[in-house]
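Visitor: Please show me the model, and let us go through it by question and answer.

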2 protein chains.
Amino acid sequence: MKTILTFFLITWIPFLTHAQTSVEKWDVFELSLKGPTQGNPFAGFEFYAEFTNGSKSFRPEGFYDGDGNYKIRFMPSEEGVWKYETFSPKEALNGHKGEFTCTAPSSANNHGPVRIRNQYHFCYEDGTPFYPFGTTIYEWPYQDEQRKLATIETLKSSPFNKARFLAIPPYNNRYMEGPTKLEDFPFEGTSKENWDFSRFNPPFFRNLEEWIERMRDIGVQADLILFRPYDDGKWGFDQMDQETNKRFVRYVIARFAAYRNIWWSLANENSFIESMTDEEWDELFRLVQDKDPYQHLRSIHNAGRIYNYTHPWVTHVSLQYYIAVRVPAVTPLLRDLIKKPVVHDEINYEGDISSRWGQLSAEEMTFRFWNAYIGGGYATHGESYQHSPWISTGGTLAGDSPARIAFLKDIVESGPEEGLEPIDQYYELNMAGKAGEYYLVYFGKEQPRHWDFVLPRNEMKEGLRFKAEIIDTWNMKITPVDRVFETVRKDNYRFIDKNNGRIKLPGKPYMALRIQRIE
Amino acid sequence: MKTILTFFLITWIPFLTHAQTSVEKWDVFELSLKGPTQGNPFAGFEFYAEFTNGSKSFRPEGFYDGDGNYKIRFMPSEEGVWKYETFSPKEALNGHKGEFTCTAPSSANNHGPVRIRNQYHFCYEDGTPFYPFGTTIYEWPYQDEQRKLATIETLKSSPFNKARFLAIPPYNNRYMEGPTKLEDFPFEGTSKENWDFSRFNPPFFRNLEEWIERMRDIGVQADLILFRPYDDGKWGFDQMDQETNKRFVRYVIARFAAYRNIWWSLANENSFIESMTDEEWDELFRLVQDKDPYQHLRSIHNAGRIYNYTHPWVTHVSLQYYIAVRVPAVTPLLRDLIKKPVVHDEINYEGDISSRWGQLSAEEMTFRFWNAYIGGGYATHGESYQHSPWISTGGTLAGDSPARIAFLKDIVESGPEEGLEPIDQYYELNMAGKAGEYYLVYFGKEQPRHWDFVLPRNEMKEGLRFKAEIIDTWNMKITPVDRVFETVRKDNYRFIDKNNGRIKLPGKPYMALRIQRIE
């Protein structure tokens, strides 16, 4: 009976289609089609739609969502009428045509997907600057509803506008036995003994989608980690063959690429998946590059063996290398070597656990953040207190660095719109801003009692007037300096104040200066 | 008459051939042939020989050396009989056959060319470790005989075993007007007005060869810089078209590749040659890779735009980035990113000139050297005193860093044969050696009064016994610590002395510790 009905549906009945007639720019247009359930609906055929507004066209792949439902999602990037037509060797999925109207973006926080700007920085597609201030909540989609809601509420009131989390949960006994037993896994099955890697499990992905949407709605980028080594030999999700990896990537893209807040992180600590070669990562990167119609940002996060970020399919650096934020001036070198934005996506975590990667003081976390931004880069926070494992499960924040990171974020967001650039980076260890206009000087753990007004020659000339403020990055206080500085040339490299001005400093660590041109 | 004789020689007379019958391994076998002088003997034909010992074969290109002399040079890398045959569309150069015997290396300092070893280090082809301690004498081949001899004598008694210098002199009025007026330039002609870029000037290259040989004989690697931006618009040697660049590269390779001490440095401050793109540098690199039968080391030295060292045709990093040696622990990051040996080939110069790149104190130069080697890399010295412009002309050394560099070299050469490796580089900023066996701990500008005996877990276990020495890197004194340390585990990451041993230090900068396992 089932077979007969399916046959009947496929060949004779007008196909059931469900789609919006209107969608706002950079939101998700979704086309739903009924199609065959026999065989393996996840595998072995092409299914995509061509969307065009006359000048641009896109070909997102569709996916099977279970229960005979096939879907194609599309993120329109221009207002106006978009027409589409579906293509598939399965007749039920082929030849569906329609159109919808893309309206102006109206939702809160809808600025489009994040793009690279000015080589080392980011902005939304509508041109609004985006300065990443990331955090890490690896397993949050796999927690109970209450905790997920709490995470969203915490993010809303935090400085964090990007979150790294795993598209495949890490192995943990609590996901098998409880207290947070998982009902759904990425593939059909319940354990290593019976996964069917040829069939995805749609409810698992619908959960991810729901929470990616919630992030989108509060303006948080979902830095989605596709593969991870945290399997302990229990599930085998880090030991799938490359064909399965590729099917997984295509399925994830088909489902998630239309969400404007998606970033693709190919892996966390990729080299800990010892069976995978860099050439296999290359292949997965190229697959993402090929299949994602919107070219969301792409990177990969390393363990010991660092992936080659200079490959053209990598959009930005997503580095784990702690000393790179412990000493100043490493980030400019990374920028100059790799020529892409540098995001220090793991810099150890504020916390008190026994593992040394989770023992930072709030002061040290704040220090590392400042080092990253003063270097013209970006950083990602994480918190690992024994009583509050934010990096694992989300929930609430317990540490003292987020308030300081928010303070830094305010400074960055009110600084040069183009983002902080290193100034004279071969010689100056601790200066960023916009040459000639705006300078942040960060003293880190040094405890100077004064700072002579000396600025590098870049974009500088005589007679420019500057105001200065003393920033206590830990106590979050900004104190104006009660005078104006006016530049004269000191030598071939430097300009000073015409009255040999110097600024008194309190002899404490974690101080900075903000120097801005006036008039 | 000349034309007739030439014709006669080409077609009828048994060709005049001159070649050795015996040459020691890694020395230069040279085949000289008489050939046509009409037309442009430098251009427009192929000329090479195939050398084989039965198991290996090489095809070095020949070159025209002027006056009807054509030469092919070959560096045999295996003892025994090598046979050769020449190939050319010019009949006079074609079909010459012969053989010679390659004997065991017997010259002083003949260990063969330098190769990469253990990914991040170097050794000679005979397996002898080579730890680069470079210096910089850009223009020395263009000085008078006495000064060149003085340079050789200075190098002999210095720690330096690699020298960077230019294959094309920089523009300087003194080379046109005097006092060191040049008689020979790379191309035929005497000034920008009359260079014939299609014709090389053999005497110019013979001079370079002579002094590369002298360097070889005293065991110094010739890090030969093929292109340079220092032209000031006067000669145009930085504005040649790419076809001329390629001819120049081939000619240089044909002449110099058989010298075992050659390293190819494609350029100094390459991006200051603003007309050349990275793709053009790629092409020149691939040409060197293709034409050099012996695969000498290849790199390029940067100005602002850093060439992508991850390209497969680059054998090692040749970086100019001063802060990379001003703060500890950058070199391990460079190694981990690029996965090749790191040579900091310009770290500013000891000196007193007005340019800030030539104002280092000897202490600072020594400090930067230590930072490079403690990071698992290598460094290159230079000296720019007003009264002694070593980096330009060679001659004699006036600075105080070379003695300290010699002291460091002794330590490195008596350390682990594999070279210094960073130990626990994500957490330890100042430690290198061989885990479990040998540690150098360098305190730089810090002035500690003691050091607690704490070593990372890498290759460590309980009950290992270590001796320690206090190294004053500036005063060049090594003071043994009068006790033995025995390891016990402190926590998951560290081992300490079973009696909580600590080492008293003098509270001075530039101190180091050497800790070596005993028994």
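Visitor: How many residues of domain 1 of chain A are in contact with domain 2 of chain A?
Guide: This is a predicted model, in which local features need pLDDT of at least 70, side-chain atom pairs count only at pLDDT 80 or more, and totals for chains, interfaces and linings use all residues. Residues are numbered from 1 along each chain as its sequence is written, while chains are lettered from A and ligands numbered from 1 in the order in which they are written. Contact requires C-beta atoms, placed from the backbone, within 7 Å. Domain 2 of chain A contributes 17 residues, and domain 1 of chain A contributes 17.

Visitor: Which elements give two or more residues to the side of domain 1 of chain A that touches domain 2 of chain A?
Guide: Domain 1 of chain A spans 2-103 and domain 2 spans 114-413 (bounds from an automatic or database domain assignment). Strands here are DSSP runs of E, at least two residues; helices are runs of H or I, at least four; both are numbered from the N terminus. The elements asked for are S6 (62-64) and S7 (69-74) of chain A.

Visitor: What separates the centres of domain 1 and domain 2 of chain A?
Guide: The centres are taken over C-alpha atoms. The separation is 30 Å.

Visitor: Which residues of H6(A) are buried?
Guide: Buried means 20 or more other C-beta atoms within 10 Å of the residue's own; exposed means 12 or fewer; partly exposed lies in between; C-beta atoms are placed from the backbone. The opposite face of H6(A) carries exposed A:Glu279 and A:Asp290. The buried residues are A:Trp281, A:Leu284, A:Phe285 and A:Val288.

Visitor: Which strands stand at the edges of the open sheet of chain B?
Guide: The order is S2-S9-S8-S4-S5 in chain B, with mixed pairing (a pair needs at least two DSSP bridges). Each edge strand has a single partner, so one side of each is left without a neighbour in the sheet. The edges are S2 (22-24) and S5 (57-58) of chain B.

Visitor: What is the bridge partner of B:Trp82 in S9(B)?
Guide: S8 (80-87) and S9 (97-103) of chain B pair in the antiparallel sense over 6 bridges. The partner of B:Trp82 is B:Phe100.

Notes. Two residues are in contact if their C-beta atoms, placed from the backbone, lie within 7 Å.
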